[in-house]
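Q: Could we go through this structure together, beginning with the charged side chains?

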Amino acid sequence: MSVKLLVLYPNPTDPDEFNRRYQREHLPMGKAQLTGATGLVSHRILGSPTGKSPFARLTEVSFPTLKAAQETAALPGAQKTLANAVEISTGGAPHFLIVEQEG
């Protein structure tokens, strides 16, 4: 079973500032602090089939198991990274989802 933490960032009030902080601050922090993760992928959302998306970015963090994700989330570095996600998300609080890959 593979597990992913998905983070959806609402459209920011200042897109340039959000993108700058996301690229220079948040992604490097996630890559350094999320020990136990097997991958980190960032997506810029271009739209949706119904028009404009309410979200600007999606980040996927992969883990081999749910237990590994839970253990990583309990670490101080992961807590700091999650807090930073909230801090830089000026369009509202990010949405955090844990999903299991099937099939």
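A: Glu25 and Arg21 sit four residues apart in helix H1, about one turn of the helix. Helices (H or I, at least four residues) and strands (E, at least two) are DSSP runs, numbered from the N terminus. This is a predicted model, in which local features need pLDDT of at least 70 and side-chain atom pairs count only at pLDDT 80 or more, while totals for chains, interfaces and linings use all residues. Residues are numbered from 1 along each chain as its sequence is written, and side-chain values use heavy atoms, with hydrogens and water left out.

Q: What do Glu25 and Arg21 form, and how far apart are the closest N and O atoms?
A: Glu25 and Arg21 form a salt bridge, with the closest N and O atoms 2.8 Å apart. The term requires a side-chain nitrogen of Lys or Arg within 4 Å of a carboxyl oxygen of Asp or Glu.

Q: Is Arg21 buried or exposed?
A: Arg21 counts as buried because its relative accessibility is 16%. Glu25, at 27%, counts as partly exposed. Buried means under 20% relative accessible area, exposed over 50%, and partly exposed in between (1.4 Å probe, protein chains only).

Q: Which residue does Arg21 also pair with, at 2.7 Å?
A: Arg21 forms a salt bridge with Glu87, the closest N and O atoms being 2.7 Å apart. This pair links distant parts of the chain, since Arg21 is in helix H1 and Glu87 is in helix H3, 66 residues apart. Through shared partners, salt bridges join Arg21, Glu25 and Glu87 into one network.

Q: How many salt bridges does a search of the whole structure find?
A: The search finds five salt bridges. One of them is between the side chains of Arg20 and Glu17, at 2.7 Å from N to O. Arg20 and Glu17 are three residues apart in helix H1, so about one helical turn separates them. Arg20 is partly exposed, with a relative accessible area of 36%, and Glu17 is partly exposed at 32%.

Q: Changing topic: how many aromatic pairs are there?
A: The count comes to three aromatic pairs. In the pair of Tyr9 and Phe18, the ring centres are 5.6 Å apart and the planes are at 55°, so the pair is tilted. Rings of Phe, Tyr and Trp (its six-membered ring) pair if their centres lie within 6.5 Å; planes under 30 degrees apart count as stacked, over 60 as edge-to-face and the rest as tilted.

Q: And what about Tyr9 and Tyr22?
A: Tyr9 and Tyr22 form an edge-to-face pair, 5.5 Å centre to centre with 80° between the planes. Tyr9 is in strand E1 and Tyr22 in helix H1 (residues 15-33), 13 residues apart, so the pair links distant parts of the chain. Both Tyr9 and Tyr22 are buried. Tyr9, Phe18 and Tyr22 form one aromatic cluster.

Q: How many residues does the largest nonpolar core have?
A: The largest nonpolar core has 15 residues, and those with the most contacts inside it are Leu5, Tyr9, Phe18, Tyr22, Val61 and Phe63. E1 supplies the largest share of this core, four residues. Such a core is a set of buried Ala, Val, Leu, Ile, Met, Phe, Trp, Tyr and Cys residues joined through side-chain atoms within 4.5 Å.

Q: Last one: where does Thr72 lie?
A: Thr72 lies in helix H2 (residues 66-73). Thr72 counts as buried because its relative accessibility is 4%.
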